[in-house]
Amino acid sequence: MRQSTLIHCREPEVLLEERLKKLRKSRCFTQQRISELLGIDRSSYSYYETGKTRPSIKMLIKLSCIYQVSIDYLVGNRQDKNDCND
């Protein structure tokens, strides 16, 4: 029986919050603009960046399209934001 390899990584919630904020700022977007693109209130998007709430799968898909990165990158399963294929 093979043992699965465990990868030591940071908490996905913290990584997601940090990556959302970093991606938004690197593209010079405001929280208001991202929330408009997502079709949600600015405060709802702000909660994603502060960790008060987690985005749904539907929102993760939209965020990955807006930022042009994989969902795996957003949630911390990948380090390379440009590598969407495996």
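Reader: What pattern does the chain follow, read along the sequence?

Author: Along the sequence the pattern is α-α-α-α-α. That comes to 5 helices and 0 strands. Helices (H or I, at least four residues) and strands (E, at least two) are DSSP runs, numbered from the N terminus. This is a predicted model: local features need pLDDT of at least 70, side-chain atom pairs count only at pLDDT 80 or more, and totals for chains, interfaces and linings use all residues. Residues are numbered from 1 along each chain as its sequence is written, and side-chain values use heavy atoms, with hydrogens and water left out.

Reader: How many residues does the chain have, and what percentage count as buried?

Author: First the cut-offs. Buried means under 20% relative accessible area, exposed means over 50%, and partly exposed lies in between (1.4 Å probe, protein chains only). The chain has 86 residues, and 33% of them count as buried.

Reader: And contacts? What share comes from residues 24 or more positions apart?

Author: Contact means heavy atoms within 4.5 Å. Take the contacts in the chain with a separation of 6 or more: residues 24 or more positions apart account for 47% of them.

Reader: How do I read a helix face? Which residues of α2 are buried?

Author: An α-helix has 3.6 residues a turn, so residues three or four places apart point the same way. Now helix α2, residues 31–38. Its buried residues are Gln31, Ile34, Ser35 and Leu38. Seen down the axis of α2, they fall within an arc of 100 degrees, so they line one face of the helix. The arc is that of the directions from the helix axis to the C-beta atoms. Gly39 follows α2, with a positive phi near 80 degrees.

Reader: Which residues of α4 are buried?

Author: In α4 they are Met59, Leu60, Leu63, Ser64 and Tyr67. Down the axis of α4, these buried residues fall within an arc of 140 degrees, so they too line one face of the helix. On the other side of α4, Lys58 and Cys65 are exposed. Gln68 follows α4, and its phi is positive, near 55 degrees.

Reader: Where does Ile66 lie, and what is it in contact with?

Author: Ile66 lies in helix α4, residues 57–67. At a relative accessible area of 21%, Ile66 is partly exposed. Leave aside neighbours within four places in sequence, and Ile66 is in contact with Phe29, Ile34, Leu37 and Leu38. Ile66 and Leu38 are 28 residues apart along the chain, with their C-alpha atoms separated by 8.8 Å.

Reader: Next, salt bridges. How many are there?

Author: A salt bridge is a side-chain nitrogen of Lys or Arg within 4 Å of a carboxyl oxygen of Asp or Glu. The count comes to 2 salt bridges. One joins Glu49 and Arg24, the closest N and O atoms being 2.6 Å apart. This pair links distant parts of the chain: Glu49 is in helix α3 and Arg24 in helix α1 (residues 12–26), 25 residues apart. Glu49 and Arg24 are both buried. Arg33 and Glu36 meet in a salt bridge at 3.6 Å, N to O. Both lie in helix α2, 3 residues apart, about one turn of the helix.

Reader: How accessible are Arg33 and Glu36?

Author: Arg33 is partly exposed, with a relative accessible area of 39%. Glu36 is partly exposed at 45% relative accessibility.

Reader: Back to Arg24. What does Arg24 touch?

Author: Arg24 counts as buried, at 8% relative accessibility. Not counting residues up to four places away in sequence, Arg24 touches Phe29, Thr30, Gln31, Ile34, Tyr45, Glu49 and Tyr67.

Reader: How do I read an aromatic pair, and how many are there?

Author: A pair of aromatic rings is described by the distance of the centres and the angle of the planes. Rings of Phe, Tyr and Trp (its six-membered ring) pair if their centres lie within 6.5 Å; planes under 30 degrees apart count as stacked, over 60 as edge-to-face and the rest as tilted. The count comes to 1 aromatic pair. The rings of Tyr45 and Tyr48 have centres 6.0 Å apart and planes at 75 degrees, so the pair is edge-to-face. Both residues lie in helix α3 (residues 42–50), 3 residues apart, about one turn of the helix. Tyr45 and Tyr48 are both buried.

Reader: Which residue lies over the face of Tyr73?

Author: A charge sits over a ring if NZ of Lys or CZ of Arg is within 6 Å of the ring centre and within 35 degrees of the ring normal. Over the face of Tyr73 lies Arg19, at 3.9 Å from the ring centre.

Reader: Last, how many disulfides does the structure hold?

Author: A disulfide is a covalent bond between the sulfur atoms of two cysteines. The test is a pair of cysteine sulfur atoms within 2.5 Å. The structure holds 0 disulfides. Cys28 counts as exposed, at 71% relative accessibility. Cys65 is exposed, with a relative accessible area of 56%.
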